[in-house]
Amino acid sequence: MNVQQAQENKSTLAKGLLVFGIILVAFNLRPAITAIGPIISMIEEDLLLSHSVAGLLTSLPLIVFAIFSPVVPIIGQKLSNESALVVGLFSLIIGILLRSLASIAFLFIGTLLIGVGIAISNVLLPVIVKEKFPEKFALLTSVYTTSMGLIAAVASGLSVPLAVNLQLGWKLTLVLWSIPALLAVIVWIILANNRRKNEASKKNEEKSALASVGVSSNVWKSSVAWFVAAFMGLQSVLFYVTVAWLPTILQDQGISANTAGWLLSFTQFIGLPASFIVPVIAGKKHAQKWVVMTMTSMAIIGFSILLMGGSFPLLVLAIILIGITLAGSFSLALTFIGMRARDAKQASALSGMAQSIGYLLAAVGPILIGFLYDLTDAWTVPLLTLMGITILVMIFGVGASRDRYV
C-alpha cells in the first residue's frame, strides 16, 4: 500500500511539474515580441529605421513560424517533445541576447532565432497538452493561454518604465526577457531527463503519436484544417498589428508614450478572462460559432472607435473590445487544433499546418500596416484594413466551428 501510495505521489508530482513546465513555456511565447511595440520608436531613432523596416521586428518571427512550423513535429519525433522544447528555449535565449547588441545585423539575426525558438514551442505545446491531458485539453488550453496573455501584457506595460524611468534603455529592457526562458530551460531539462528514464516503454508509442509526416498530406487536403489555419492566421494578424502599432496610433491621438504602453498592456490584461473562458465554452457543441461572431463584432466596433477618434474614455472602450477579441480568438484557435484532431498524431499535423499557414498570413500584417501608414501618412486606411480583416476572421472562424474532424 505504501509502495502504491508512493507511486501515486510520484505520478502526481510528475504531472504537477509538467503543468508548471507548460505554463513556463507559455510565459515565453510572447514577451520577446510584445515588449517591442511600446519602445519601437526608440529602436527606430537609435538605428535609423523606417516604420516599414521596424515592422519586420514583429513580422520576421512570424515568417519564421510559417517556414519552420511544419518541420517541428519531425524534430519532436526525433528528439522527443521535451528535448525539442529545450532546443527551442535555448534558441530563444540566444536570440534575445543577440538582438540587444545595438547592431542592425544582430537585431534581425536575433529576431530570427527568437522566431525559431517560439515556433518550436508554439507547435509542440498543444500537442503535449493533447497527448498528456486528452480529457482536460480545453481546461489546460485555458490555463496556458491565460498565462501567455498575462505575461505578454506585463511585458508591454513594463517596456517604457524600464527603458525610460529606470534608464535601462531599449537594449537592457529586451535582455531582461531572457530570464523566464532560463527558468523554463531548467524545468524542461528535468522533464527531458525524466522522459529518457521511461523511454524504453514509451519510445514506440511516442514515435507513433508524433509521426505526423504520414498524415500531414491528408491534413493539408482537409477543408476543416484550412479553415482552422486561416482563422489562426487572420486573428494573429489582428494581434501582432495591435502589438506593433497600437501605441503609435494612440500617441498620434495625443496619448503620451508611457500611457500608450500601459494601454497596450491593458488591452492584453482585459482579455485574460476571455482567454480562460472561451476554450471552456468552446468545449460545448455548436457554441464556437456564436463565440466567433460575438468577438469579431466587438473588434469591428473597437477599430471603428479608433478610426473616428474621440475622448480618452472612448479610446479605453475601444481597447476593451479589441482586447477581449484578441485574447479570446487566440485561445479559440489553439482549442480548434485539439478539437478538430482525433488524437495527438493529428493534433501534431494540424498544429504544424495551422501555425505555418496561419503565421504566414500574420507576418504580412505589421509590414502591411506600416507600409499603408508610410504611404498615406494617416491611420485611416490601416484601420479600415483591420476592420476588413476582422470580417474575414469571422467568416473563417464560423467555418472552423463546424463539428468535424480533419
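I looked up W379 to begin with, and W379 is buried at a relative accessible area of 10% (buried means under 20% relative accessible area, with a 1.4 Å probe and protein chains only). The model is predicted, so local features need pLDDT of at least 70 and side-chain atom pairs count only at pLDDT 80 or more, while totals for chains, interfaces and linings use all residues. Residues are numbered from 1 along each chain as its sequence is written, and side-chain values use heavy atoms, leaving out hydrogens and water.

**Rings**

Next I checked the partner of W379: Y373 and W379 are stacked, at 4.3 Å centre to centre with 25° between the planes. For Phe, Tyr and Trp (its six-membered ring), a pair needs centres within 6.5 Å; planes under 30 degrees apart are stacked, over 60 edge-to-face, the rest tilted. Y373 is buried too, at 13%. I also found W245 clustered with Y373 and W379 through ring pairs.

My search of the whole structure gave six aromatic pairs. In one of them, F231 and F336 have centres 5.6 Å apart and planes at 70°, so I noted the pair as edge-to-face. F231 sits in helix α14 and F336 in helix α18, 105 residues apart (helices are DSSP runs of H or I, at least four residues, numbered from the N terminus). Both F231 and F336 are buried.

**A serine in α14**

Then I turned to S236, which is in helix α14. S236 is buried, with a relative accessible area of 2%. Beyond neighbours within four places in sequence, S236 is in contact with Y359 and A362, contact being heavy atoms within 4.5 Å.

Note on methods:
Helices (H or I, at least four residues) and strands (E, at least two) are DSSP runs, numbered from the N terminus. Buried means under 20% relative accessible area, exposed over 50%, partly exposed in between (1.4 Å probe, protein chains only).
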